[in-house]
Amino acid sequence: MIRYALGRLTSLVISLFVASLVIFAVIEVIPGDPAAFMLGVNARPDTIAALRAEMGLDQSVVTRYFDWVTGLLRGDFGQSWTYKTPVAELIADRIWVSLPLAIYALILSTLIAFPAGIYAASHRGGPGDITIMGATQLGVAVPNFWFAMILVLIFAINLRWFSAGGFPGWDNPFQAVKSLTLPAIALALPQAAILARVMRSSLLDMLGEDFIRTARAKGLTRRQALWKHAVRNALIPVLTIIGLQFSFLLAGGIIIEQVFFLPGLGRLIFQSISARDLIVVESVVMLLVFTVIVVNFAVDIAYAAVDPRLRAKA
Amino acid sequence: MSRNLIIGTALSALFVTLAAVSFLWTPHDIETLDIPNKLQTPSGTHVLGTDHFGRDILSMIMMGARTSIAVALVAVGIGMAIGIPLGLLAAARRGALLDELIMRGNDLVFAFPSLVIAILITAVFGASAVNAIIAIGIFNIPVFARLTRGAALPLWERDFILAARVCGKSAARISVEHILPNITNLMIVQGTIQFSLGILAEAALSYIGLGAQPPTASWGRMLADAQTLVSIAPHTALVPGFAILLMVLGLNLLGDGLRDWLDPRIRVARV
Amino acid sequence: MSILSIRNLSLRIGQTDILHDVSLSMQHGEIVAITGESGSGKSMTALSTMGLLPGGAAPQGEIILDGIDILQTPESDLCHMRGNAMGMVFQEPMTALNPVQTIGAQVAETILIHEKTSKAEAHKRAAEMLQRVGLKVAPTRYPHELSGGQRQRVVIAMAIALRPKLLIADEPTTALDVTTQAHILDLLRDLVREFDMGLLLITHDLAVVADVADQIVVMQKGRVVETGPTQHLLTNMQHPYTKALFEASGHKVDLPMRTTMRMVSAYLLHAKHIVREYPLPRKTILGPRPVFRALDDVSFHIDHGERVGLVGESGCGKSTLTRAILGLEDVQGGDIRLDDEPVFTHKHPNLVVRRKMQVVFQDPYSSFNPRHRVERLITEPFHLLENPPTGKAREAAISKALQDVGLSFEDAHKYIHEFSGGQRQRIAIARALIIEPELIIFDEAVSALDVSVRAQVLDLIADLCRKRPLAYLFISHDLSVVRTVTDRVMVMQAGKIVEQGKTEDVFTNPQHPYTQSLIAAAPQLPELPHAVETI
């Protein structure tokens, strides 16, 4: 088990290293002179020189990369050129919208998908299965940002149950959660559709396995065999999808934030792109990628908790 | 022919036809603005109504179908053209360092959702439909590479591959002659699914302004424009949304139908 | 009073007739064996008795277990009976256990779902039951840590934990090695006597049947063709199918004498001191990687025109040796030469040598690319030739190869799915013969076939030996088959060849203790008292 975890940890570190190299290369090497790029064609030479000095562009690429990474490790994400504040502060403000939204959506998605997938698999071919599969077919096809607009139209504009957008802050947790509810639903339902389909097909695979027949020969009912033997084995592919979905929820959240005017990482990144504030873009992208890689690492560790065969292997 | 296959083919064909016809004819010209007739609800002259510039929405949908299909199709092409050979190579060198490198590389690309790739590209090169293609295409590469490797690995253990090796055939030749024909069905089905995901991704990217730029029509752009008008002119948001929904639904049904028809045992990856 | 009595059981699944009027009955403490070839309906009879038929199955008739008709019992009551009144053991021990639960928990589950008892008590009884079935590992182990034989013991412990009246075992030893098979059969026999239960044994292996059954039921295409007490049935067979089945099982081919070759100084195949090692995962994080020695100083030779057998249990290194000889994998030490040319040179297989060697694999269903026609499949070895025949010459070669194996030229344009398992194995032989190699390797080539088909393929091999001087290496776990088609035999254990010699000498007078144990463990088909006609 320790060997397995160490192995995954090593690949986590390597992934993070290579990912940071790629991001650094795209943002700071490909544009040639990032400072000139950020300021545009009409910039005064002395402004460019000032930015060059601030970004340390007089130093070699290797030194700059090294400084950037060590900065990241210390929590120093640099200074935003447009906001004139540390990027870490900008992110810290906004992550308290984006991260709760992604987690909220993940919980919703799992809470919807598991029962739906398990029910559909255990009633294969029945009316419930057909209804659920039809609904997931629609859920997979619906663009989440459009779905969000429809939710706003129905629940905010017509029914007035929720506000159409904005975020009141965490001072009032109830209002905060309430204002994240429509966005979370918009994010979660399409993902739940995918997850329910994976859960169903994974369970059906397991129900065809020999050990389910063994369990039935012991006297377990179909239901008992499903719950006691199939579900845990079916979780392995489902976990993979949950891990992948977290990154989609985080990225999808960036889009949904636009629909609901939420002050999250999405808004920060789009403002930075239009302001050509590469320093902010670079750090936020690194943060997103970091989260995805760490979540996948967590999923790998979760596999081992589910599957003793992995615990034994290297 | 299953019901899935019929409905899926019909829906997909509808949008492909709309896109194809738009090269020759659209009900109205979408380049000229007609502000007096803005935000009209569907009528005889404008079957699906007009948008905030008075442009005919049906014509916009037809032009937008072109963008969606072009972006998604080329992105699938990129994913297949690079991903399948990589997957075949990894499977042929299974267990070796090269395999490990390819698979680790795949994992790494998977850590960059296509939106993040689009953000990176846009930040440096600016937004365009081409950047959307590249972002979605890059994301498709590991999808096909993983799927190909996963399908090829058990084939490499089959006796008919051993027999071909005993006959002195090289790994490259075996990959092309024996492995590839046996995974074609899987690739067709997954290609359909990736096509539908590409349509969704293109719409999302152009919605947030990272994809096709005006005056190129795109469904995502139309929705972005409609967002502030949704309470006064719901049809401006409903029509493009349903266009995306039906096109994606059609492609997914087509994919499922093809799978049932070609080989029901195929498992597609959907994320 | 009989504990199980099946009367006029018929079964349809969808539009297909599976069983017709199957009847049998058994007593306490009795072992009844149902035997027959694939498709005979023996497994479906077992599943009907458990009430575990697949969906869409429509059984008719009566299955009375201890006074209760299974077919009339609702599912909820059947659940109470399964594991309690009747238990079942399956063929494939590797997949029959839940991989994410400990073996103790899986045995305890049988007790927990049927009896109101504490978890601790159930686990205690499970541990006792695991000991009773001869398992010497802790109940806290997971299935993947156990061998096939050990896993089968766990499955048996699960099935008998509540001492059911009836135990059904569906091919319980087919996936196991012959020595393990002997132990499992002994265990089952002991349990039947000790618990006084009935054992319904489903097996295709007539030697096993003759060895352990009190009563035999022979099935063919969903019907019982003959039934009776073992001794009586063996000495007094009535039905032609029964006779044919027993004949085919003990089939001895008429292997022609080895034609004396012109004196060639070198051996055809000569392997000297081969060593092949595989690295294993590290035991400690920084420690050295342990290695598994799959081939440990293996030396042997095959003469021109000589037919050599290789026997051994799974994991003994047979497959590794095959791959090494074929040049599919390099070895770490030693030297393999065919006609004095190395099979593997400079990290690459030697094509000159490959031309003289072909192989026939075990599984007729995975040996062919399903997307190619037979003519393309069997001409694949032409790839090895510098000037492969084209046009008329190619057609002639295809025609000859197909005719040699009893097929016709018309078959060349068909796809492989149009052929049965036996025909596919003929096509595999045709593929091996088409470039007229000097050596053919039969890698478990008849192991997946039904006995009657197996007999025909063995006859075909003998026939081919009559037509041309053929040297082959016949690899099999089945001693009786090797005995009939080889001149010389080698016995392999744990990567070493422990004994080799003339086939008859080794079988009648084995020297090495391992060979002795193998031969002792293999169930023997009794000598049939009278001549029978062939199929």
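Here is a short chat about how chain C and chain A meet in this predicted model, and about a patch on the surface of chain A.

Q: How many residues from chain C and from chain A does the contact take?
A: In this predicted model, the contact draws 29 residues from chain C and 23 residues from chain A.

Q: And what area is buried between them?
A: About 2300 Å² is buried between chain C and chain A, and carbon and sulfur atoms give 60% of that area. On the side of chain C, Phe90(C), Val100(C) and Glu109(C) together supply 23% of what the chain buries against chain A, which is more than any other three residues.

Q: How many salt bridges are there across the interface?
A: The rule finds two salt bridges between chain C and chain A, and one of these joins the side chains of Glu75(C) and Arg216(A), with 3.2 Å from N to O. As for polar contacts, the count between the two chains is 12 residue pairs.

Q: Which element of chain C gives the most to that side?
A: That is α3(C), with five residues, while α2 (75-81), β6 (86-89) and α3 (103-114) of chain C each supply at least two. Sorted by class, the side of chain C that touches chain A has 15 nonpolar, eight polar and six charged residues.

Q: Switching topic, which residues form the nonpolar patch on the surface?
A: The patch is formed by Leu99(A), Ile103(A), Ile107(A), Leu111(A), Ile112(A) and Leu189(A), which together have about 490 Å² of accessible area.

Q: Where does the largest share of it come from?
A: Helix α5 (residues 87-122) of chain A provides the largest share, five residues, whereas Leu189(A) lies in helix α8 (residues 173-207) of chain A.

Terms used
Residues are numbered from 1 along each chain as its sequence is written. Chains are lettered from A and ligands numbered from 1 in the order in which they are written. This is a predicted model: local features need pLDDT of at least 70, side-chain atom pairs count only at pLDDT 80 or more; totals for chains, interfaces and linings use all residues. Side-chain values use heavy atoms; hydrogens and water are left out. Contact means heavy atoms within 4.5 Å. Buried area is the accessible area (1.4 Å probe) that two parts lose on being put together, summed over both. A salt bridge is a side-chain nitrogen of Lys or Arg within 4 Å of a carboxyl oxygen of Asp or Glu. A polar contact is a pair of N or O atoms within 3.5 Å; within protein, one must be able to donate a hydrogen and the other to accept it, and residues adjacent in sequence count only if both atoms are side-chain atoms. Helices (H or I, at least four residues) and strands (E, at least two) are DSSP runs, numbered from the N terminus. Ala, Val, Leu, Ile, Met, Phe, Trp, Tyr, Cys and Pro count as nonpolar, Asp, Glu, Lys and Arg as charged, and the others, Gly among them, as polar. Patches are made of residues with over 30% relative accessible area and no salt bridge: like charges are joined within 9 Å, nonpolar side chains (Val, Leu, Ile, Met, Phe, Trp, Tyr) within 5 Å. Accessible areas come from the Shrake-Rupley method with a 1.4 Å probe; for residues, only the protein chains shown count as cover.
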